[in-house]
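Subject: Structure handover

Hello,

Please find the structure we talked about below. My notes on it come after.

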Amino acid sequence: MQNIDRLILRLGEITLKGKNRSRFEKTISEHVRAVLRPYPKAHVRREYGRMYVETGGESVEALIQVLKNVFGIMDIIPVKQTLPQLDDIIAAAIELIGEQHIDQLTTFKVSVKRVWKEFPHSSQEMNHLVGSPVLRAYPLLKVDVRQPQIELRVEIRDGAAYIYSELIPAVGGFPRGSNGKAMLLLSGGIDSPVAGWQSMRRGLEVECIHFHSYPFTSERAKEKVVDLTRVLAGYAGVVKLHVVPFTEIQTAFTTTGQDNLMITLMRRAMLRIATKIAEQQKGLALITGESLGQVASQTLSSMNAIERATELPILRPLVMTGKDEIIQIAKEIGTYDLSILPYEDCCTLFIPKSPTTNPNLRIIEKVESFLELEPMIERAVEQTEVLTIEAGSPLQLASTAINEDWF
Amino acid sequence: MKYFDYAATTPPYPEVIRSMAEIMEKHFGNPSSLHQYGEEADRLVRHAKEVTAQLLGVKPNEIIWTSGATESNNFALKGAAMRGGRTQGHIITTSIEHPSVYECCRQLEQIGFEISYIDPAPDGIVLLEDIQNALRADTIIVSMMHVNNETGAVQPVQQVSEWLKKVQPRTLMHVDGVQGFGKLPVVLAKWNIDLYSLSAHKIRGPKGTGLLYIKQGTELFPLLAGGGQENGYRSGTENVAGIVGMTKALRLAATEQYTLAERLTAFSQLLKTEIQAIDGLVLTNPAIASPHIIHFCYPGMKSEVILHSLEQQGCIVSTQSACSSRKAEPSRVLVAMGITREHAASGIRISLGDQHTNQDIEHLITALRQTVTQLRPLERRTR
């Protein structure tokens, strides 16, 4: 893409918004500037409904790679800019097509959009005026106006013309944090990071909550969750992680003799703790990675019994999504390889032989009442460790910190 | 004594030695252990992988630590050839590879694989066209070095790789990057390389450590079976201090790459001009060569004699590649380039590094002149 000197970022759904639109656009532009910080020569300009990034000599491929992940951007158009003059436009068109290294018969058409009405040639004329010299330059091109393999687009504005032939789809969705804040229950598994990413994509600011039961789970399990959070931070810039000590509560449940209710009890306790943390942090919902029918605690009747432990809405982005599809997304967003690392987590260790798929709420509430859970929950919330994880930050959890000088 | 044998090995950076000493003292845990000591060691290994991946522009899980380039090269070739338990197929390599590739191919030949050894053109550079002609539908892997360790010839690995991935993407591309890294730019992901070997001690890191880059999704048959370390690709307790030391060396080498290349080019041009001016010496450097290797012959004189004479004058150089220099045979690489056995038997390699100064180069030039003056009466009349 050596001829590309700027990128047009087109914004998606948010252009449907009325009054709030400029706030949304501002949020995206802040996010764009944040991810472009490592590329100081690139320059961002905002215009109604779109943004322009002048590459300033930074690698176009690298810029596209990071911009693709900015929530709210629908697609990225690498363009060549010229003056709005016929000769310049033709020269740029020929250069741009040259980059495609056409070595077999390829169909093609020109589409000209004339936003600046004072430009001397009409769009119809332009299709022809640009098309003919391009066809002469590349004998293997053939015009097909219905389903061309290459569509060369020219946009003529007052002061500049943009020539391009490629639309690169980006992540889309709503701008970072534009729809409020929610708390993600993050295990070390495959599903919850995906649920977190999808929530972020819908404009939620996400804080993560992880339940840690040392010595039943190792430091590495915790580190794995930190790493997963770091991947999410790669999309949001920064993400908070609340690590809740869960050992006391978990141990208390094992004394009830209600093995098959174990998971239900644990999940309810987790929701209670998460609710309290959400209140502290002004989160308005909980997010889980639950997917209907996947395990015993994710049957409808289990979800019903568990959900009653909180008054906050529970968002389940994956509830109707199959495992294969979840794995596919996990691979795309870069959490899969971390998720499959084999460390014990607080749920796997206490999985009973036959967990109930149809828990009885009355019995559950009775068991809970024997245990005096409330003070334990308070303690867990109090002792929660809060980590702020920034995109690209190194591991920080080490009992002995890593000395960067060694590397 | 001035040391001009950087292509054989290099003195470790003091920073590398310091960080390794500290790690051996403080973090001797086994990275596979579950306890705190193990976790600390594991964290170091993982962090090293992240830093290295970033330096090479690849993903951390695409890097496998090895004991050095010999292991990396053996793993790449045998691992690719024997995946799925296969014992036959076709491999393309060149006749100027380092013994760790060349001899490895010989072994595979004994098992039943067919190997095409492509000779270079007289300038020491293998032609893309010759590789193209050798390609077959059952070719498993094309293995090529980036920079030849004896002549410095830069091989068209990017060209070969890009072509290969276009015509037959399932055939793997392996590059032995040992002599090129830190001297010439390499962009693994962009060049479509599947496997890439590196050694730490050629870039002022510790001996006994290296790495193999394995592009995600590439299946290899593990050479070492055992505890399943390194995603099962290479069992064996990780050399924690070595891995950290290698990472440090990689980082320093990568940072200094551009200024270094400039200085080395100036030095090698000066040396080449001087060598050409000395009557009796024949410059054998290819036209396109890495600036850190200068190669010449002194026809009529045995390499070893030239080497010892230069040593007497305080300059350490080498004959052929260090790995083969104890053999009596003239260099296989030079012979493959079409240089006569007599010429090849009188070859000398000078290899430079980041520590050399103008004075060192002048010293070497003076020594070269004196050596020729001193040895002239003893020349055998083969010219």
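The notes take chain A and then chain B.

This is a predicted model, in which local features need pLDDT of at least 70 and side-chain atom pairs count only at pLDDT 80 or more, while totals for chains, interfaces and linings use all residues. Residues are numbered from 1 along each chain as its sequence is written, chains are lettered from A and ligands numbered from 1 in the order in which they are written, and side-chain values use heavy atoms, with hydrogens and water left out.

Chain A, strand β10

Helices (H or I, at least four residues) and strands (E, at least two) are DSSP runs, numbered from the N terminus. Buried means under 20% relative accessible area and exposed over 50%, with partly exposed in between (1.4 Å probe, protein chains only). In strand β10 of chain A (residues 181–185), five of the five residues are buried, so the strand is largely enclosed by the rest of the structure. A:K181, A:M183 and A:L185 point one way from β10(A), and A:A182 and A:L184 point the other way.

Two strands pair if DSSP finds at least two bridges between them. β10(A) runs parallel to strand β11 (residues 205–212) of chain A, joined by five bridges, and A:A182 sits opposite A:V206 there. β10(A) is also parallel to β13(A), through two bridges; here A:M183 is opposite A:L286. Together with helix α5 (residues 191–201) of chain A, β10(A) and β11(A) make a right-handed β-α-β unit (with the strands pointing away from the viewer, the path from the first strand over the helix to the second runs clockwise).

Chain A, annotated positions

The UniProt record, an unreviewed entry, places the feature "binding site" at A:L185, A:L186, A:H210, A:F211, A:R267, A:G289 and A:Q298. UniProt positions are given in the numbering used here, feature names are shortened, and annotations may be inferred rather than shown by experiment.

Two of these positions are described here. A:R267 lies in helix α8 (residues 262–281) of chain A and is buried, at a relative accessible area of 18%. Not counting residues up to four places away in sequence, A:R267 touches A:E290 and A:I306 (contact means heavy atoms within 4.5 Å). A:G289 is in the loop between β13 (286–287) and α9 (300–307) of chain A, and is buried with a relative accessible area of 11%. With residues up to four places away in sequence again left out, A:G289 touches A:D191, A:S192, A:A195 and A:L318.

Chain B, helices and sheet

The buried residues of α1(B) are B:V16, B:S19, B:M20 and B:I23. Seen down the helix axis, they fall within an arc of 100°, so they line one face of α1(B); the arc is that of the directions from the helix axis to the C-beta atoms. These buried residues pack against α2 (36–56) and α8 (240–277) of chain B. The face turned away from the buried side of α1(B) carries the exposed residues B:R18 and B:E25.

Helix α3(B) is mostly covered, with twelve of its 13 residues buried. Among them are B:E71, B:N73 and B:K78.

Chain B also has an open sheet of three strands in the order β9-β10-β12, with antiparallel pairing. Its edge strands, each pairing on one side only, are β9 (282–283) and β12 (347–351) of chain B. Five bridges join strand β10 (residues 293–297) of chain B to β12(B), and B:I293 stands opposite B:S351.

Regards
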